[in-house]
Amino acid sequence: MPGNPVSATVCTQLLVRPCLDLLFHGSDDIVSSKATGSLDPWIDTIVENSLVQHELLATLAHDISLDPERPEYHRVTIDRSPDGTLMATTTGNQRSSRLMSCRDAQALLVLPAATPSKPRALKGESHLVLLLDDLRGIGRAFTP
């Protein structure tokens, strides 16, 4: 895991949380499959019952500069516009050491790396967002 707090948080959301969901969110069939020694049905049941991030498309509320070195998971809030469109708004400075960018984040906006012909994600473009944990009350401001 990375050493910066925000990087570690994002990596946990992307990698650790889905693995834990795979292990701990299954039906009663998991116990009986384990008892019989057959792992294939057990694994199938875990995968079928796993909870990973809900994916939505959201429209950018403003331009965002893209990172020229790599794709980015940009912390955003999600609001619904009057016409019902989901709008993604940055939580501010996205430095990996800046915890404040996580405080109000409701989702991770999946952005590609910049290219010479595409240095910015533009207001009005739609991009994939990964919703964060609803257990903290995230996502209650809108209905996906």
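**A walk from the strands to the pocket**

Let's begin with two strands, β1 and β7, which run antiparallel and are joined by five bridges. The model you are looking at is a predicted one. To find one spot in this pairing, look for L57, whose bridge partner in β7 is L128. β7 also pairs with β5: these two strands run antiparallel as well, with three bridges between them. Here L109 has V129 of β7 as its bridge partner.

Beyond its neighbours within four places in sequence, V129 touches H54, E55, L56 and A58, along with V76, I78, A107, L108 and L109. V129 also belongs to the largest nonpolar core, a group of 16 residues, where V76, I78, L109 and V129 have the most contacts inside the core. Two or more residues of this core come from each of β1, β3, β4, β5 and β7. As a general background, nonpolar side chains in soluble globular proteins tend to be buried together.

The largest pocket has a volume of about 390 Å³. Its lining is made up of 16 residues, and those nearest the centre are S7, R70, E72, Y73 and R75. Two elements, α1 (5-24) and β3 (72-80), each give two or more residues to this lining. Of the elements, α1 gives the most, with six residues. Sorted by class, the lining holds eight nonpolar, five charged and three polar residues.

Note on methods: Residues numbered from 1 in each chain as written. Predicted model: local features only at pLDDT ≥ 70, side-chain atom pairs only at ≥ 80, totals over all residues. Heavy atoms only, no water. 1 Å grid on protein atoms, 1.4 Å probe; cavity = no way out; pocket = protein on both sides within 12 Å on 5 of 7 lines; lining within 4 Å. Points joined across faces, edges and corners; volume = space filled by probe spheres on them. Helix = DSSP H or I, 4+ residues; strand = E, 2+ residues; numbered from the N terminus. Nonpolar A, V, L, I, M, F, W, Y, C, P; charged D, E, K, R; others polar. Core = buried A, V, L, I, M, F, W, Y, C linked by side-chain atoms within 4.5 Å. Buried < 20%, exposed > 50% of the residue type's maximum accessible area, 1.4 Å probe, protein only. Contact = heavy atoms within 4.5 Å. Pairing = 2+ DSSP bridges.
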